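Dear colleague,

Here is the structure you asked to look at. My notes on it follow below.

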Amino acid sequence: MSTYPSAPKTITIPSDASRLPMTLPRLVDQYRRGEKLVMVTAYDYPSARAAEAAGVDLVLVGDSGAMTVLGYDSTVPVSLDEMLMLAKAVRRGMESPFMVADLPFGSYEVSDQQAIETAMRFAKEAGADAVKLEGCGEMAVARAKAIVQAGIPVMGHVGLTPQTATALGGYRAQAKDASAAMALVRGAEALEAVGCFSVVLEAIPSVVAEAVVDRLEIPTIGIGAGPSTAGQVLVFHDLLGIREGRGGKFVQRYADLQDAMDQGVAAYAADVRSKAYPAEQHEYAMDAAEVSALQTALEDLPAKPL
Ligand code: KIV
């Protein structure tokens, strides 16, 4: 029996794997039909292929990639060029999911023009369908508005916003008192008002998420925000167990790939050291006549200088 209660016993690729690419109108239709939206992060070609094969609706090239694939301590140091490289690899790996790229810290805060230029790079160079930015204060709302007006769809992100986690007192649940919750509701409404097509709600009490869901027309995507949101997002490495430690309280693990990778590499190292690998089946053969010609040619070589 699977260790993961909700994991399917066999991997099945959805029958509509040849489905049409997800678009904003299709997302809205799915939301209005009450069908949950599935979003997962991806940072490279293989994770994008997995998202495509699983038939997810949206893929986020999250700046969590700063930690999961680039090894930084937080999302703060990752550069725009590094994020673009990840986004381009994801684009090469999938066709159907709607691709959202995270604007990294420092790439949109300075001015509306900076925000538009950064968003344009994700759209033009990486083929992103939309960008995501964190926060719902005056600056974030203004940047979201500017990017939407420039013609690029924007996803908002409120609650725990990792780029400013230090200012929020660390990686902890947000909006836990009524006034902070009201500020969050108002902020999410402001993002909707300037044209965001969706908002991520991260690490907030379920009751606050319900209030946001009730107040907004656009779909919300939750991560640690309970069941009421239109969709859910998880970090690829968290859900597959490609990490040390368990991650946030809200993480549900569906595999232990870090263990599988560690064991696989250890088994390979042991086989090389014991000379069990490579075995005969891994070798390339040569015709006997060619072997004999090679031996003659080698014998004819001048002796190696001492
Ligand atoms: O970067 C990321 O992975 C995110 C999700 C947690 C929403 O922003």
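How far apart do the C-alpha centres of domain 1 and domain 2 lie? They lie 47 Å apart. Please keep in mind that this is a predicted model. Domain 1 covers residues 19-255, and domain 2 covers 261-299.

Cavity

Searching the whole structure for cavities of 30 Å³ or more turns up one. The volume of the largest cavity is about 40 Å³. Its lining consists of Leu24, Leu27, Val28, Leu37, Leu58, Phe197, Ser198, Pro219 and Ile221. Helix α1 (residues 24-32) supplies three residues, the largest share of that lining. By residue type, the lining of the largest cavity has eight nonpolar residues, one polar and no charged.

The lining of the second largest pocket divides into 19 nonpolar, eleven polar and eleven charged residues.

Surface patch

Which residues form a nonpolar patch on the surface? They are Val265, Tyr268, Val272 and Tyr277, and together they have about 390 Å² of accessible area. One of them, Tyr268, sits in helix α10 (residues 257-273).

Backbone

As background, most residues other than glycine have a negative phi, and most peptide bonds are trans.

Tyr277, a member of the surface patch, is joined to Pro278 by a cis peptide bond, with omega near 0°. Pro278 belongs to the loop between α10 and α11 (288-300).

The other place is Ala175, which is not a glycine but has a positive phi of about 55°. Ala175 is found in the loop that runs between β5 (154-159) and α7 (178-193).

Regards

How values were computed:
Residues numbered from 1 in each chain as written. Predicted model: local features only at pLDDT ≥ 70, side-chain atom pairs only at ≥ 80, totals over all residues. Heavy atoms only, no water. 1 Å grid on protein atoms, 1.4 Å probe; cavity = no way out; pocket = protein on both sides within 12 Å on 5 of 7 lines; lining within 4 Å. Points joined across faces, edges and corners; volume = space filled by probe spheres on them. Helix = DSSP H or I, 4+ residues; strand = E, 2+ residues; numbered from the N terminus. Nonpolar A, V, L, I, M, F, W, Y, C, P; charged D, E, K, R; others polar. Domains from an automatic or database assignment. Patch = residues over 30% accessible without salt bridge, like charges linked within 9 Å, V, L, I, M, F, W, Y side chains within 5 Å. Areas by Shrake-Rupley, 256 points an atom, 1.4 Å probe, with all protein chains shown as cover. Salt bridge = Lys/Arg side-chain N within 4 Å of Asp/Glu carboxyl O.
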